Amino acid sequence: MGERDGEIDPLDALRPLMAACNPPIDALIVPSADNHQSEYVSDRDKRRGFVSGFTGSAGVAVITADDARLWTDGRYFLQAIQQLSERWKLMRIGEDAAIENWITDNLPTEAVIGIDPWCISVDAAQRWERAFSKKNQKLCQLSTNLVDQVWKNRPLPKIQPVIVQSLEFAGRPVAEKLKDLRLKLIQEKASGMVIVTLDEVAWLYNIRGNDVSYCPVVHAFAIVTLDSAFLYVDKQKITPEVATHLADNGIEVREYGAVEKDVELLATGYLKSSVAVNDSQTEHKRNGKEATACNNHDETEKGKGNLVWMDPATGCFALYSKLPSDQVLLQPSPLALAKALKNPVELDGLRKAHIRDGAAVVQYLFWLDKQMQEIYGASGYFLETGGTNKRKHSETTKLTEISVSDKLESFRAQKELFKGLSFPTISSVGPNAAVIHYSPDSKTCAELDANSIYLCDSGAQYQDGTTDITRTVHFGKPSAHEKACYTAVLKGHIALDVAVFPSGTTGHSLDTLARVPLWKNGLDYRHGTGHGIGSYLNVHEGPHLISFKPQARNVPLQASMTVTDEPGYYEDGKFGIRLENVLIIKEASTKFNFGDKGYLSFENITWAPYQTKLVDVSLLTPEELEWVNRYHSKCREVLASFLDEQVMAWLRKATEPIRA
């Protein structure tokens with residue numbers, strides 16, 4: 001028996017419950033996700049973190065009678081090693097056996113594997129079932145979550161009001177989005193769709209919430225049929241303004257838990273709304289054959305049912321299990337792509353948000369440069385002499401990874417339309433910067449070091465856009481090796497930024513561009529190169545991405561998508577480097593148009609300087625040198641009206657042209 005923080009270790013509390021199940025559970029799978037397959041979850045849904053002690057956003061725990069293992073990806077290998085106790089074994093995704101293979105190889109024939117079906121996607125459950133069937137092993141849907149039974153101090157749910165994302169920022173009315181979705185339903189011969197993903201619900205209905213830290217979403221499901229729409233949410237969160245907004249758009253509000261029964265009604269054609277729907281919302285299907293084929297109210301269709309659309313990657317297995325399998329259309333959600341293709345209002349908002357955010361980052365770098373010189377005797381942002389790293393003042397005067405990130409947040413909080421951070425700031429010094437998704441702890445975080453690299457990956461939520469930026473700096477004398485590594489990352493960053501590519505290209509093809517300068521030196525990084533970003537929504541947004549991962553082949557990049565450009569390099573136990581900007585994909589103007597495909601390129605919308613002190617100019621081509629100088633010139637131009645003269649003077653020095 002073990003203890004953790006003075007309480008019984010969750011492993012010791014869970015195993016008797018597993019044995020007491022009927023049938024007994026041989027293995028319990030505890031994923032990171034909540035009921036909506038979210039990447040970032042509320043505190044009360046951090047079950048995997050509770051049982052394992054590992055706090056990264058991605059990972060799956062598997063507990064057996066005498067074993068405990070955690071699967072996570074390359075972003076979190078170092079963090080998991082640091083956080084897991086000796087009772088846990090780390091399983092490296094991409095290097096070690098997959099979960100289903102490990103279970104089939106290590107558990108006996110007819111073993112029972114327990115899951116909470118609300119927290120498992122359809123894709124994952126079906127993949128596991130196929131693997132387990134080889135040894136007659138069974139995936140068992142538990143009626144209650146065993147972790148919740150042993151989590152004595154589980155945080156209570158928070159009742160936060162839903163808010164309306166007005167047309168001023170959303171750019172497209174709900175009626176238009178619903179019309180487009182219903183046309184998709186008709187094309188796929190589906191009578192309705194179950195929407196599980198929180199940012200898709202928020203985007204479709206033009207609402208936002210505060211149920212999950214850093215993500216302005218509300219815990220809710222949605223069901224949309226050819227002539228009705230439903231929102232399943234704790235009704236305490238619905239203000240009069242939101243109620244009017246939803247009613248005006250023909251959306252009926254029902255309690256969160258009612259979705260389970262309504263999914264069954266949807267499959268049988270008996271799901272009815274009491275909210276009057278404007279004729280214009282359904283007129284697209286009120287003529288000819290469509291009316292006969294798709295009318296849920298037709299007596300001949302009752303009990304017969306039509307296809308129900310559910311995204312297998314995000315739909316929870318619990319709801320899928322309520323439906324006859326031959327009536328489910330398992331296809332990627334059409335809302336993911338629709339949301340990713342930003343409208344002109346969203347694009348304009350994102351550009352403006354990134355300018356204000358860039359101003360905050362520059363104010364921060366100016367402040368931090370001054371503090372490092374005053375407190376630690378550092379040579380600073382511009383000079384390359386080594387600092388003493390000895391405090392000039394009392395022992396109480398110091399900068400830590402958290403205290404400086406709090407200061408960055410304070411600069412952002414002063415900006416117009418600021419709503420909060422978009423993810424926990426990765427403020428990391430020296431060896432901590434080598435932990436790709438490092439999260440500093442207030443009790444143990446490092447003090448800043450004038451002789452070490454400092455990496456800051458941060459972002460904010462503004463009502464007109466979401467931001468994500470990474471800059472890496474050194475306030476002392478960087479080594480030749482550190483400069484060479486930084487320059488290789490910068491070269492990859494530039495290579496992606498200037499790319500021109502044919503329509504139909506996926507992010508899998510472009511990922512290589514950012515890695516080649518690192519590969520030439522035998523270096524690489526374990527994370528993807530780019531992800532979509534929301535319009536006052538989640539900081540990580542699909543369905544597209546720029547990555548070596550196979551799923552990056554699934555969705556071609558298209559004009560008006562957003563994507564990050566963030567190559568890096570991490571040397572375990574020493575330092576980490578990452579440079580990140582947000583880009584908008586746009587149509588390219590090319591001399592020719594081979595194959596009549598059309599070509600695409602990128603528009604950069606992030607504005608903050610690169611530290612030229614960390615650049616080995618001899619390693620840059622003339623074109624790369626020109627790119628840096630042109631970008632820095634644009635930074636001065638874009639940010640000038642947002643900075644006072646003192647900070648602007650610092651920025652002018654930080655963006656002085658560099659010469660070969």
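Arg69 and Asp67 are both buried, and their side chains form a salt bridge in which the closest N and O atoms sit 3.0 Å apart. This is a predicted model, and that pair is a handy way into it.

**Salt bridges**

- The count for the model comes to 33 salt bridges.
- One of them is formed by Lys339 and Glu541, with 3.4 Å between the closest N and O atoms.
- Lys339 sits in helix H15 (residues 334-340) and Glu541 in strand E25 (residues 541-546), so this pair ties together parts that are 202 residues apart in sequence.
- Buried or exposed? Lys339 counts as buried, since its relative accessibility is 4%, and Glu541 is buried as well, with a relative accessible area of 3%.
- Asp9 is in the loop between strand E2 (7-8) and helix H1 (10-20), while Arg87 is in the loop between helix H3 (77-83) and strand E6 (89-92), so the pair ties together parts that are 78 residues apart in sequence.

**The six-stranded sheet**

- Six strands make up an open sheet with mixed pairing, in the order E6-E5-E4-E3-E7-E8.
- At its edges are E6 and strand E8 (138-141), each of which pairs on one side only.
- From one strand to the next, the twist averages 25°.
- Inside the sheet, strand E3 (residues 27-31) and strand E7 (residues 112-115) run parallel and pair over two bridges; Leu28 stands opposite Gly114 in E7.
- H1 lies across E3, strand E4 (60-64) and strand E5 (68-72), at about 60° to E4.
- Helix H4 (residues 99-106) lies across E3, E4, E5, E6 and E7, and runs at about 10° to E4.

**The three-stranded sheet**

- Another open sheet has three strands, ordered E17-E20-E21, and its pairing is antiparallel.
- Strand E17 (418-421) and strand E21 (465-466) are the edge strands, each with a single partner strand, so one side of each has no neighbour in the sheet.
- Strand E20 (residues 460-462) is joined to E21 by two bridges, with the strands running antiparallel; Gln461 has Thr466 in E21 as its bridge partner.
- Helix H17 (residues 401-413) lies across E17 and E20, at about 165° to E17.

**Helix H21 and its buried face**

- Which residues of helix H21 (residues 645-654) are buried? They are Val647, Met648, Trp650, Leu651 and Ala654.
- Looking down the axis of H21, its buried residues fall within an arc of 155°, so they line one face of the helix.
- What do the buried residues of H21 pack against? Their partners are helix H16 (344-376) and helix H20 (622-639).
- At the start of H21, a side-chain oxygen of Asp644 comes to within 3.1 Å of the backbone nitrogen of Gln646.

Terms used
Residues numbered from 1 in each chain as written. Predicted model: local features only at pLDDT ≥ 70, side-chain atom pairs only at ≥ 80, totals over all residues. Heavy atoms only, no water. Pairing = 2+ DSSP bridges. Helix = DSSP H or I, 4+ residues; strand = E, 2+ residues; numbered from the N terminus. Contact = heavy atoms within 4.5 Å. Axes fitted to C-alpha atoms, helices over the stretch in contact; angles between N-to-C directions. Buried < 20%, exposed > 50% of the residue type's maximum accessible area, 1.4 Å probe, protein only. Arc of directions from axis to C-beta. Polar contact = N/O pair within 3.5 Å; in protein donor to acceptor, adjacent residues only side chain to side chain. Salt bridge = Lys/Arg side-chain N within 4 Å of Asp/Glu carboxyl O.
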